[in-house]
Amino acid sequence: MNEHIEIERQLISILLSSKDAVKDWLVSPVKPSYFDESHRHILGGIVWANSNDVLLTRNSYKEYLSVAKKLTPRETAAQASVYTTCLMQAAKEDDFPMLIEKVKLAYVRRKTAQFLGEYRKIADKDGDLAANAALIGNLQGLEADTANSDILLEDVGEADTKAKFLEALYRRKNNPDVRL
């Protein structure tokens, strides 16, 4: 397994057990996009739960996935296993600053490797100077991105999802016959 996945799971474990850590994460330079795609739903659930001033529980996560993300029961079950795997990491909250930094550095390494892979393709097509310019632009953009501490909730698509989720939840509560 990739080391960055393990580090991300440890960080998510802390985010599942500490509201203070969630608040610190949301103002850190580490965006949800820095995480592996397999963790995007759980991060969205953590952001959603935080907007309601609660921690994400297994039950609220399943509800979030089925109502807000409209996942099938099979997809919801798969994501519930991600929740369990992360929760079982039982990382210490004191490791939070170190894990945030490791997630950020792993992201920088992955993006840099991606840019270097693209370099050869650009060089073959447009020449070395064009490839150099593209690489410089990509690396400068990466540097600017990782230095920015403004986290936008839109990164995980939560801007309007909370309202839709709550609306659906109220509708289901007030019309239980419709669910059957």
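How many helices and how many strands does the secondary structure of the chain come to? I went through the chain and got nine helices and zero strands. I took helices (H or I, at least four residues) and strands (E, at least two) as DSSP runs, numbered from the N terminus. Read along the sequence, the pattern is α-α-α-α-α-α-α-α-α.

**Ground rules**

I'm working with a predicted model, where local features need pLDDT of at least 70 and side-chain atom pairs count only at pLDDT 80 or more, while totals for chains, interfaces and linings use all residues. I number residues from 1 along each chain as its sequence is written, and my side-chain values use heavy atoms, with hydrogens and water left out.

**Whole chain**

I looked up burial next. Buried means under 20% relative accessible area, exposed over 50%, and partly exposed in between (1.4 Å probe, protein chains only). Buried residues make up 38% of the 180 residues in the chain.

Then I checked contacts, meaning heavy atoms within 4.5 Å. Of the contacts in the chain with a separation of 6 or more, 75% are between residues 24 or more positions apart.

**Helix 2 and Ala-21**

I picked Ala-21, which sits in helix 2. Buried or exposed? Ala-21 has 1% relative accessibility, so I noted it as buried. Leaving out residues up to four places away in sequence, Ala-21 touches Ile-14, Leu-15, Glu-93 and Phe-96.

**Helix 2 against helix 3**

Two packed helices are described by the angle between their axes and the distance between the axes. For me, axes are lines fitted to C-alpha atoms, for helices over the stretch in contact, and angles run from 0 to 180 degrees between N-to-C directions. Helix 2 (residues 19-26) packs on helix 3 (residues 40-51) at about 110°, and their axes are 11 Å apart.

My angle scale: under 35 degrees is roughly parallel, over 145 roughly antiparallel, 65 to 115 roughly perpendicular, and the rest oblique. So helix 2 and helix 3 are roughly perpendicular to each other. Val-22, Lys-23, Trp-25 and Leu-26 of helix 2 meet Leu-43, Ile-46, Val-47 and Asn-50 of helix 3.

I sorted these residues by type, counting Ala, Val, Leu, Ile, Met, Phe, Trp, Tyr, Cys and Pro as nonpolar, Asp, Glu, Lys and Arg as charged, and the others, Gly among them, as polar. The contact of helix 2 with helix 3 has six nonpolar, one polar and one charged.

**Helix 6 against helix 7**

At what angle do the axes of helix 6 and helix 7 cross? I found roughly 165° for helix 6 (residues 96-126) and helix 7 (residues 128-147), with the axes coming within 8 Å. That makes helix 6 roughly antiparallel to helix 7. The residues of this contact divide into 13 nonpolar, four polar and six charged. Among them are Tyr-107, Phe-115 and Ile-122 of helix 6, and Ala-131, Leu-135 and Leu-142 of helix 7.

I also looked at Pro-97, found in helix 6. Pro-97 is exposed, with a relative accessible area of 55%. From Pro-97 to Leu-11 I get 9.4 Å, C-alpha to C-alpha, though they are 86 residues apart in sequence.

**Helix 4 and Gln-79**

In helix 4 (residues 58-68), I listed Ser-60, Tyr-61, Tyr-64, Leu-65, Val-67 and Ala-68 as buried. Two of them come back as partners of Gln-79, whose contacts beyond four places in sequence are Ser-38, His-41, Ile-42, Tyr-61, Leu-65 and Leu-71.

Gln-79 lies in helix 5 (residues 73-87), and its 13% relative accessibility is why I count it as buried. Its side chain makes a polar contact with the side chain of Tyr-61 at 2.9 Å. Such a contact is a pair of N or O atoms within 3.5 Å; within protein, one must be able to donate a hydrogen and the other to accept it, and residues adjacent in sequence count only if both atoms are side-chain atoms.

**Positive phi**

Most residues other than glycine have a negative phi. Asp-53 is not a glycine, but its phi is positive at about 60°. I placed Asp-53 in the loop between helix 3 and helix 4, and at 45% relative accessibility it counts as partly exposed. Ala-90, also not a glycine, has a positive phi of about 45°. Ala-90 is in the loop between helix 5 and helix 6, and counts as exposed at 55% relative accessibility.
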